[in-house]
Amino acid sequence: MNQIRARVLISLMMLLTLGCAGTSATQAPFEQLRQAMVDRQLVSRGITDRRVLDALRKVPRHLFVPEEFRQLAYEDHPLPIGLEQTISQPYIVALMTELARVASDHTVLEIGTGSGYQAAVLSVLAKGVYTIEYLAPLGEAARRRLAELGYSNVEVRIGDGYGGWPERQPFDSILVTAASEEVPQPLIDQLKPGGRLVIPVGRQADTQILQVLEKDLKGKITRRDTIPVRFVPLVKGQERRE
């Protein structure tokens, strides 16, 4: 978090300096910033799924961050969203979405709603999205935000995501936007045969590995490591913060 705050402060100082000169590209309309984000941060790093790229071009990321950070919403780093939580950098959102291979008839589970941005991206791609947020203030704000922006195929639950959402299983894809030292067995159980689970695995003090688990038609699980990442921890079994 200290590194994130430092990057944010530096970016804000640059914005103030360039804003006085009236020449900063960050003063361009958000639509232009969003298109530049996709081209420079996603396409250039190997994101190739056209549906994922189109979703990132469509969803207004700046409306999912606190107002004081909106001019920074399309830059290449995470941003604070309150309660020591962050919105992931655009590339990580795109990569996790691409790895999940979400189809238009899929039902998706997300663990870790945060501000609702990842859920909004998934909602553009999937038939239905179920998302769980442990921290009540974040989850309630995300629910209101998603509804106001018209993402009607997203349902938000406040609670412990470690156990998944049994009433809505099975899921074609599951994305976990918090790190766990092990992959929760309930999530594996709730994954549909042929489905994919994308999750950062590792201790909070260390760099984690973004893993992709695939369940074949007979229920066998295969795992694949992708890239090192840093996520907030997946909370299990504690009283949630109101």
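A residue counts as buried when its relative accessible area is under 20%. The exercises below use that cut-off on a predicted model.

**Exercise 1.** Determine how many residues of helix H5 are buried, and which ones.

Solution. Helix H5 covers residues 117-125. Applying the cut-off to its nine residues gives eight that are buried. These are Tyr117, Gln118, Ala119, Ala120, Val121, Leu122, Ser123 and Leu125. Helix H5 is therefore mostly covered, given that buried means under 20% relative accessible area.

**Exercise 2.** Classify the packing of helix H2 against helix H4 and describe the residues in contact.

Solution. Begin with the geometry: a pair of packed helices is described by the angle between the axes and the distance between them. For H2 (residues 30-42) and H4 (residues 90-100), the angle is about 75 degrees and the axes lie 10 Å apart. Angles of 65 to 115 degrees count as roughly perpendicular, so H2 is roughly perpendicular to H4. Next, list the contact: H2 contributes Met37, Gln41 and Leu42, while H4 contributes Pro90, Tyr91 and Ala94. Finally, sort these residues by type: five are nonpolar, one is polar and none is charged.

**Exercise 3.** Summarise the protein chain by secondary structure, burial, surface and contacts.

Solution. Count the elements: the chain has seven helices and nine strands. Turn to burial: of its 242 residues, 51% are buried. The accessible surface is about 11,700 Å², and carbon and sulfur atoms account for 50% of that surface. Lastly, take the contacts between residues at least 6 apart in sequence: 56% of them join residues at least 24 apart.

Definitions and conventions. Residues are numbered from 1 along each chain as its sequence is written. This is a predicted model: local features need pLDDT of at least 70, side-chain atom pairs count only at pLDDT 80 or more; totals for chains, interfaces and linings use all residues. Side-chain values use heavy atoms; hydrogens and water are left out. Axes are lines fitted to C-alpha atoms, for helices over the stretch in contact, and angles run from 0 to 180 degrees between N-to-C directions. Helices (H or I, at least four residues) and strands (E, at least two) are DSSP runs, numbered from the N terminus. Angles under 35 degrees count as roughly parallel, over 145 as roughly antiparallel, 65 to 115 as roughly perpendicular and the rest as oblique. Contact means heavy atoms within 4.5 Å. Ala, Val, Leu, Ile, Met, Phe, Trp, Tyr, Cys and Pro count as nonpolar, Asp, Glu, Lys and Arg as charged, and the others, Gly among them, as polar. Buried means under 20% relative accessible area, exposed over 50%, partly exposed in between (1.4 Å probe, protein chains only). Accessible areas come from the Shrake-Rupley method with a 1.4 Å probe; for residues, only the protein chains shown count as cover.
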